[in-house]
Amino acid sequence: MNVEYKDIKDFTKEQLEDLFLSVDWSSGHFPDKLVVAMKNFKTVISAWDDDRLVGMVCAMDDGIMNAYVHYLLVNPAYHGKMIGRTLVDKIKEYYKDYMRIAVIAYDNEAHFYERCGFEKSTDASPMFITSLWT
């Protein structure tokens, strides 16, 4: 397997649906919205196995100080192949001059982000208004 990383924002709804549903994320049920969302993100780095989208990281930022990693996902068939870690490393390099890179980690994935250099906040909690179920 030779994974190629791309800095693109144009995806088909089928590619996004396949990737997001592979990790059971409810946003995968809204592929038309995901297509638009990808175009609107400041930064999107994707991982490809030939013509198959197998992972991606998406971030937004304020242009100088703060960046927020909104999506990081890798198709489970590709877990353990350093794809997620490589995507995080690419985001860290892209935002190396920023003062903060933030991510909201699900509890069962916090250890992954900690291994990537993120620290759990002791004085802040994520809060949402959402109609998504995952």
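**Close-up views of a predicted model**

**View 1. Strands β4 and β5 run side by side.** β4 and β5 pair in the parallel sense, with four bridges between them; pairing takes at least two DSSP bridges, and strands are DSSP E runs of at least two residues, numbered from the N terminus. Look for Val69, which sits opposite Val103 of β5. This is a predicted model, so local features need pLDDT of at least 70 and side-chain atom pairs pLDDT 80 or more, while totals for chains, interfaces and linings use all residues. Residues count from 1 along each chain as its sequence is written, and side-chain values use heavy atoms, without hydrogens or water.

**View 2. Here is the five-strand sheet.** The sheet is open and mixed, in the order β1-β2-β3-β4-β5. β1 (3–6) and β5 (100–103) are the edge strands with a single partner each, so one side of each has no neighbour in the sheet. From one strand to the next, the twist averages 20 degrees.

View 3. Ser46 is buried, at 0% relative accessible area (buried means under 20%, with a 1.4 Å probe and protein chains only). Its side chain makes a polar contact of 2.7 Å with that of Trp48 (N or O atoms within 3.5 Å, one able to donate a hydrogen and the other to accept it; residues adjacent in sequence count only if both atoms are side-chain atoms). Leaving out residues up to four places away in sequence, Ser46 also touches residues including Tyr5, Phe11 and Leu87 (heavy atoms within 4.5 Å).

Conventions:
Buried < 20%, exposed > 50% of the residue type's maximum accessible area, 1.4 Å probe, protein only. Axes fitted to C-alpha atoms, helices over the stretch in contact; angles between N-to-C directions.
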